[in-house]
Amino acid sequence: MPTALLAAGAELAGLLEEVSRVRRAEPRDDLTTALALAEVDGERLSDAEIASFFILLCVAGNETTRNAISHGLIALTDHPDQREIWQADPTGVTRTAVEEIVRWATPVTWMRRTATRDVQLAGVDLHRDDKLLLFYCSANRDEAVFADPYRFDVCRAPNPHLGFGGAGPHFCLGAHLARREISVMWRELLRRVPDIRAVGEPKRLVSSFINGIKAVDCDFAVANR
Ligand code: HEM
């Protein structure tokens, strides 16, 4: 299985390297051309860099948003009162509900950083070049920041969660797209299959990095179109 995964990744990277070469020769009005021709301080991305950026976009855009939506289904199943609140006012509640789903799910569990200088953080001495992990799941349940952090509250405001990372240059590039995708998916689910609920135990992804759900059964009455 890992071999198949690596082979698929290599094939995808090869495909993108090829597309990138073609776009440099024949520019078009598309994202790959923009990436292939972009220059910062006179430097361009190599074909291999564009290929790995594309794979990053595919993985970062997939493994996160769809897991947030699945966690949302489980959360709304476990908290029917919150579903009622959202259903009663979709326009008013969607924005805060989506942020709460991302906080609750925290689809990316951690990222690693390297200290660039000696610093003290929350009473702990860190030294330059120390490696450390930022546990977003912990930050998103921080009782010093969130009132009643273990309560799923679709109206939570403010909601300064770190599900998309902390402020700074690495803040999630796709946060706006992700918010839009989760909003649209839930708007349509609540409209077409308003009673949809998760049934049984979800099959979870075995990973410390992604809080993923491989599969979860669901049940709903006849769909509205
Ligand atoms: C609910 C959905 C999503 C969550 C929870 C999420 C979470 C994150 C987190 C925690 C980071 C790391 C921030 C850091 O290192 O400080 C990140 C980075 C990133 N995300 Fe997302 N993400 C989501 C959706 C997306 C989507 C839809 C895309 C693109 C289509 C995307 C593209 C990226 C990229 C390219 C980075 C790297 C940014 C950088 O290091 O400069 N993400 N995301």
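What is the volume of the largest pocket? It is about 970 Å³, and I'd like to show you around it today.

A word on ground rules, everyone. This is a predicted model, where local features need pLDDT of at least 70, side-chain atom pairs count only at pLDDT 80 or more, and totals for chains, interfaces and linings use all residues. Residues are numbered from 1 along each chain as its sequence is written, and side-chain values use heavy atoms, with hydrogens and water left out.

How do we look for space? Rolling a probe the size of a water molecule over the atoms shows where empty space is left. A pocket here is an open set of points on a 1 Å grid over the protein atoms alone, where a 1.4 Å probe fits, with protein on both sides within 12 Å along at least five of seven lines; lining residues have an atom within 4 Å of a point. Points are joined across faces, edges and corners, and the volume is the space filled by probe spheres set on them.

Back to our pocket. Its lining has 33 residues, and Leu 56, Ala 60, Cys 172, Leu 173 and Gly 174 lie nearest the centre. Helix α3 gives the most to this lining, with 6 residues. Helices are DSSP runs of H or I with at least four residues, strands are runs of E with at least two, and both are numbered from the N terminus.

Around the ligand are 22 residues, and the closest are Ala 60, Thr 64, Arg 113, His 170 and Cys 172; to count, a residue needs a heavy atom within 4 Å. Here too α3 supplies the largest share, 4 residues.

Now look at the iron atom of the ligand. Which residue is its only protein donor? That is Cys 172, through SG at 2.3 Å, where a donor is an N, O or S atom within 2.8 Å of the metal (3.2 Å for Na, K and Ca). You'll find Cys 172 in the loop between α7 (136-139) and α8.

Finally, polar contacts, which are pairs of N or O atoms within 3.5 Å. A polar side-chain atom of Arg 113 is 2.7 Å from a ligand oxygen. The side chain of His 170 has an N or O atom 2.7 Å from an oxygen of the ligand, and for Tyr 136 that distance is 3.4 Å.

Definitions and conventions. Polar contact = N/O pair within 3.5 Å; in protein donor to acceptor, adjacent residues only side chain to side chain.
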